[in-house]
Amino acid sequence: MSGLILALVLIAVLWALAYFAAPLWLWTVAAGLSLLANGWLQHSEQSAGWVVFLVIAIALNARPLRRLLITDHLLVWFRKVLPPISETERIAIDAGNTWWDADLFTGRPDWNKLLATPAAALTDEEQAFLDGPVEEFCKSLDDWQITHELNDLPPAAWEQIRKHRFFGMIIPKQYGGLGFSALAHSTVVMKIGTRSTSAAVTVMVPNSLGPGELLMHYGTDEQKQHYLPRLARAEEIPCFALTGPYVGSDAGALPDIGIVCKGAYQGKETLGFRVTWDKRYITLAPIATLLGVAFKAYDPDHLLGQKEDLGITLALIPTDLPGVEIGPRHNPLNSAFMNGPTRGKDVFIPFECLIGGTQYIGKGWMMLMNCLSVGRAISLPALGTGAGKHASRVTGAYARVRKQFRVPIGKFEGVEEALARIAGTTYRMEAARRLTAGALDRGEKPSVLSAILKFHCTEGMRQVLGDAMDVHGGRGVMMGPRNYLARGYQAVPVSITVEGANILTRSMIIFGQGAIRAHPYLLKEMEAAGSDDHARAAVDFDRALVAHVGFTISNAARSLFLGLSGALIAAAPGAGRTRRYYRQLTRMSSAFTFMADVGLLTLGGEMKRKEKLSARYGDILSHLYMASAMLKQFEDQGRPEADLPLLEWACQDSLFVMQQQIEGILRNFPSRPMAWLMRLVVLPLGRPYAPPSDRLGHEVADLLLTPSDARDRLTRHAFTSTDPRDPVGRMEHALKQTLAAEPVEEKLQAGLKKRLTPANYLKLVDDGAAKKVITAQEAALLRDTHAVARDAIDVDEFKTMKGA
Ligand SMILES: Cc1cc2nc3c(=O)[nH]c(=O)nc-3n(C[C@H](O)[C@H](O)[C@H](O)COP(=O)(O)OP(=O)(O)OC[C@H]3O[C@@H](n4cnc5c(N)ncnc54)[C@H](O)[C@@H]3O)c2cc1C
């Protein structure tokens, strides 16, 4: 009996040590004490046990011995299995930093720390810019005119861009730019995107990865003084050219070259590069005056030194330089932003055209990766979130105005399902957008989170616009000035492809980079394995490995315990229904981290080729981040009760996706014993999560069908209008009118004891007015509503398809 009690106490102690990640010495003390207790109970000296204990304890705790016997050998093995990391991969890994992603990779995220970070907020000046110039700009845009008639923004829009310095949002005020925060920059792009994707992309590109940003970070003082004010005023139109026919996602492999040579520039002989490039898909290239070009630099004549292969280098080339070819346009899915190829053959550029001057020769990849780690979190996530807000607003309104069998289509369960997905996905995108923009504004450069944002907000865009089109039926399909959806829908693959194509981002970048950057020990181990200082490396590796083993054991214990207890004992801030989600996310964080360690240990470098597994791991990390963002958003907004359905729908959906991806990893993991072990630890009682219920989906869908604070909060910063002549305003106006008319329609039907149908509507209104069932004013309201609702569901008709 006492033996059994001792065994139970021992298990409890071991579990507690593992759960709280006790240091090695504490494990040793606990093992010694349990041996002592066992000897006392058994009335035996346990000599053999003590010998074994002392040998193991000394071997593990005395570092020189531990290294000699264990970790130095593991370091040799690790060096062998570690996949070779190319220079371009190394630079991509080093770019940016980690933030909340690193906390999620601990298995025990500190929720209070997240909630204590200040809520992202616009300054008064930024808000005024949104309410003033951005609102005016949006109002003036006619997307059909832009995409169909002009294939360009109208001159007045270009004028507004110049006047209000839309191209200078990220340029500091000292250079004449707007000096906006990341949140403001993102919100401006988002709002314009809800009006016209073509206009949004036009504004977005000079503010994202390109000459402006590169000059701010790496430009010489002279370059900054010269170019930044001109870029802010759009006197220079910039573009940045990396992609070509033989280089896309594998951007580091670019074939464009520059040879160091002497040449003539502005009448003088000077050193520079003879550059040859062939680039395509370059946004703003057809009208650019300042062309950023990435090329591989070579110095075969040793004009600069011994090295011949100098590496990727970035230059800013005035497009009026002889030999620069710009002008032709591509047609990116009928979007009208300028996009086209650029070529140059043996164009001589002096060193003063290099971004940052000669000290940055060969550092182009590092410069690009560092800028991308920030920029990728802003522009495309803003576009995706804007699409969600726009779709939420117009689809909710349409689903309320459009009736079938006298019932608004939004009340049918099938349509409800699509509406709930639109609203829930939008809530998730907005939370992630705001949280990440806030982090950027505090100086973080979270490269993994930026990849998460890029992927999930553009996939979210694909989801919401697809659903919105389905709900609109033919009204979404028929193109023309009335259609406020189709051009955005058409442009989805543009967002999916640029700034890191999505398949690659999901299957290689998010977990591939996340595991290395955000994991607390992996990078330290890799750095030690790659170091030439073998003595230092052995010490560092030993330290990191011991901590890593303890970390993995701890996460295994935590996953199992949280799984068995339904995570009820996990610490959770706040009160009420949201606490459950903090707990479940803590559980998923432990499970994810444990599974990541098992995956990395079992597959090692092979993980890089297991893209399907890597993608699933990436999805779990992504949903952990986005669900954290949603909880934070809910708190930051003062826990609005009306938003609870949105929060719960999106959190439950995220948990369910995580569970599906865990299941996918377990089913496909190459080592079956390891898969069984993981299943036992992370899903000890089976699958805990279900998708959001139909009832919850109904509540969420309902939020889109009626004007409310929750609907306004969800769609904040989407362009809207109540002007019945405006494509969006027409629908919003019809929604308000429909809702105002409904009680009168009820009264009329009850009074006449007849059902209103589209065919008898106007006749019954006349009858009702004649028989005084409704007042003349009410009759006028119904007649007007009938016309307004018809106008809202109407599509464009063209006499000839030439005009279409
Ligand atoms: C409208 C538009 C605007 C653009 N603007 C610019 C610009 O201003 N400047 C600029 O330099 N470039 C620009 N681009 C180029 C853009 O960045 C590239 O299109 C992108 O990098 C993908 O390259 P690719 O089109 O050659 O596709 P590919 O690289 O051929 O990729 C094709 C598919 O294969 C997938 N894939 C590739 N490698 C892997 C892998 N290892 N694992 C898994 N999947 C993989 C990709 O995800 C993608 O789905 C623009 C592109 C478009 C469409």
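Q: Which residues count as nonpolar, charged or polar when a lining is sorted by class?
A: Ala, Val, Leu, Ile, Met, Phe, Trp, Tyr, Cys and Pro count as nonpolar, Asp, Glu, Lys and Arg as charged, and the others as polar. In this predicted model, the lining of the largest cavity then has five nonpolar, two polar and two charged residues.

Q: Which residues line the largest cavity?
A: They are H390, R393, V394, A397, F719, T720, V728, M731 and E732. Helix 16 (379–401) and helix 31 (727–752) each supply at least two of the lining residues, and helix 16 gives the most, with four.

Q: What makes this space a cavity, and how many of 30 Å³ or more are found?
A: In a cavity a 1.4 Å probe fits but cannot get out, whereas a pocket is an open set. The search of the whole structure finds one cavity of 30 Å³ or more, and about 50 Å³ of space lies in the largest cavity.

Q: What makes up the lining of the second largest pocket?
A: This pocket is lined by 34 residues, and P23, L24, W27, V546 and G550 lie nearest its centre. Helix 24 (534–564) is among the elements that give two or more residues, and its share, nine residues, is the largest. By class, the lining has 24 nonpolar, eight polar and two charged residues. About 760 Å³ of space lies in this pocket.

Q: Why is the pair of F129 and F166 called tilted?
A: The centres are 5.4 Å apart and the planes 55° apart. Rings pair if their centres lie within 6.5 Å, and planes over 60 degrees apart would count as edge-to-face, under 30 as stacked, so 55° makes the pair tilted. F129 lies in helix 8 (residues 124–140) and F166 in the loop between helix 10 (155–163) and helix 11 (182–193), so the pair ties together parts that are 37 residues apart in sequence. Both F129 and F166 are buried.

Q: Why is the pair of W158 and F167 called edge-to-face?
A: The angle between the planes is 90°, and over 60 counts as edge-to-face; the centres, 6.3 Å apart, are within the 6.5 Å limit, so the label holds.

Q: How do you know whether W158 and F167 are buried or exposed?
A: Buried means under 20% relative accessible area. W158 has 10%, so W158 is buried, and F167, at 1%, is buried as well.

Q: What makes R558 a charge over the ring of Y19?
A: The charged end of R558 sits 4.7 Å from the ring centre of Y19, and the limit for this distance is 6 Å. Y19 also belongs to a cluster of ring pairs with W15, F20 and F561.

Methods:
Residues are numbered from 1 along each chain as its sequence is written. This is a predicted model: local features need pLDDT of at least 70, side-chain atom pairs count only at pLDDT 80 or more; totals for chains, interfaces and linings use all residues. Side-chain values use heavy atoms; hydrogens and water are left out. On a 1 Å grid over the protein atoms alone, a cavity is a set of points where a 1.4 Å probe fits but cannot get out, and a pocket is an open set with protein on both sides within 12 Å along at least five of seven lines; lining residues have an atom within 4 Å of a point. Grid points are joined across faces, edges and corners, and a volume is the space filled by probe spheres set on the points. Rings of Phe, Tyr and Trp (its six-membered ring) pair if their centres lie within 6.5 Å; planes under 30 degrees apart count as stacked, over 60 as edge-to-face and the rest as tilted. Buried means under 20% relative accessible area, exposed over 50%, partly exposed in between (1.4 Å probe, protein chains only). A charge sits over a ring if NZ of Lys or CZ of Arg is within 6 Å of the ring centre and within 35 degrees of the ring normal.
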